[in-house]
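Please consult the sequence and the structure alongside each answer.

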Amino acid sequence: METKEKVYEALRLWKDGDKLFQEGSYRASADAYVNAIRLSEDLPKEEEIDHYGFRASCCAGLSGALGKLGLHDEVLKVATTALAFFDKVDGLYPAERPKWLMVLVNKGSALACLGRPLEALECFTRAKKMFADNEATIPGNRQWIQQLDQNIDSVRRMMEQEKAGKKWWNILWR
């Protein structure tokens, strides 16, 4: 396959991952994102695409699909990859800010499901602040803030249950 064809195919797979996620086909969505990443890794480094940004965008979508599949350890890996990019380019890609926030939410959810409430709370609190700071620029912002408030409350309840020596996993929002 020629380089140009690989670029188009990687972009198609990335978009397919987004579409499949929206349709609720989480396994197929995850596969599309992984294939897009693999294909982009085969592109010459001098090819005029943002390799790091493309990988981060694919990992952002992949973190959501893996979360829906209950693969929380894997969510942490891909979310860390995506956040390394988004945290580094803070503000340089305003159109990517919703993905950045979604990765924080996905990472927080994974941490909560893995029994790491303090880290989850940190992710949710950071995401809520970022949503609040960007109120006018992110679609559905108020709903996201409400969801984050619920997530934060759930994690706090989880921590209270843990302090009381009770099992907390039945109170998670997932």
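Q: Which residues in H7 do the residues of H6 meet?
A: In this predicted model, the contributors from H6 are Pro117, Leu118, Ala120, Leu121, Phe124, Thr125, Ala127, Lys128, Phe131 and Ala132. Their counterparts in H7 are Asn141, Trp144, Ile145, Leu148, Asp149, Asn151, Ile152, Val155, Arg156, Met158 and Met159.

Q: Is H6 roughly parallel or antiparallel to H7?
A: The axes of H6 and H7, the latter spanning residues 141-163, come within 9 Å and cross at roughly 160°. Angles over 145 degrees count as roughly antiparallel. H6 and H7 are therefore roughly antiparallel.

Q: Is the crossing of H6 and H7 left-handed or right-handed?
A: The angle between the axes of H6 and H7 is roughly 160°. The hand of this crossing is left-handed.

Q: How is H5 oriented relative to H6, roughly parallel or antiparallel?
A: The axes of H5 and H6 (residues 117-133) come within 8 Å, and their crossing angle is roughly 160°. H5 passes H6 in a left-handed crossing. Because angles over 145 degrees count as roughly antiparallel, the relation of H5 to H6 is roughly antiparallel.

Q: What is the division by class of the residues of the contact of H5 with H6?
A: On the H5 side, the contact is made by Trp100, Leu101, Met102, Leu104, Val105, Lys107, Gly108, Ser109, Leu111 and Ala112. H6 supplies Glu119, Ala120, Cys123, Phe124, Arg126, Ala127, Met130 and Phe131. The division is 13 nonpolar, 2 polar and 3 charged.

Q: Is H2 roughly parallel or antiparallel to H3?
A: H2 (residues 26-41) and H3 (residues 51-68) pack with their axes 9 Å apart, at an angle of about 160°. That angle falls in the range over 145 degrees, so H2 and H3 are roughly antiparallel.

Q: How many nonpolar, polar and charged residues has the contact of H2 with H3?
A: The crossing of H2 and H3 is left-handed. Among the residues making the contact are Tyr26, Tyr33 and Ile37 of H2, together with Phe54, Cys58 and Leu62 of H3. By class, the numbers are 12 nonpolar, 4 polar and 3 charged.

Q: Which helices each supply at least two residues of the lining of the largest cavity?
A: A search of the whole structure finds 2 cavities of 30 Å³ or more, and the largest holds about 60 Å³ of space. Its lining consists of Phe85, Phe86, Val89, Asp90, Gly91, Tyr93, Glu96, Arg97 and Trp100. By residue range, Phe85 and Phe86 fall in 72-88, whereas Arg97 and Trp100 fall in 97-113. The helices are H4 and H5.

Q: Which helix gives the largest share of the lining of the second largest pocket?
A: The second largest pocket has a volume of about 210 Å³. Of its 14 lining residues, Leu11, Trp14, Asp50, Gly53 and Phe54 lie nearest its centre. The elements that give two or more residues to this lining are H1 (3-22) and H3. The largest share, 4 residues, comes from H1.

Q: How many nonpolar, polar and charged residues line the second largest pocket?
A: The lining of this pocket comprises 14 residues. By class, these are 9 nonpolar, 3 polar and 2 charged.

Technical notes. Residues are numbered from 1 along each chain as its sequence is written. This is a predicted model: local features need pLDDT of at least 70, side-chain atom pairs count only at pLDDT 80 or more; totals for chains, interfaces and linings use all residues. Side-chain values use heavy atoms; hydrogens and water are left out. Axes are lines fitted to C-alpha atoms, for helices over the stretch in contact, and angles run from 0 to 180 degrees between N-to-C directions. Angles under 35 degrees count as roughly parallel, over 145 as roughly antiparallel, 65 to 115 as roughly perpendicular and the rest as oblique. A crossing is left-handed if the near helix is turned anticlockwise from the far one by less than a right angle, and right-handed if clockwise. Contact means heavy atoms within 4.5 Å. Ala, Val, Leu, Ile, Met, Phe, Trp, Tyr, Cys and Pro count as nonpolar, Asp, Glu, Lys and Arg as charged, and the others, Gly among them, as polar. On a 1 Å grid over the protein atoms alone, a cavity is a set of points where a 1.4 Å probe fits but cannot get out, and a pocket is an open set with protein on both sides within 12 Å along at least five of seven lines; lining residues have an atom within 4 Å of a point. Grid points are joined across faces, edges and corners, and a volume is the space filled by probe spheres set on the points.
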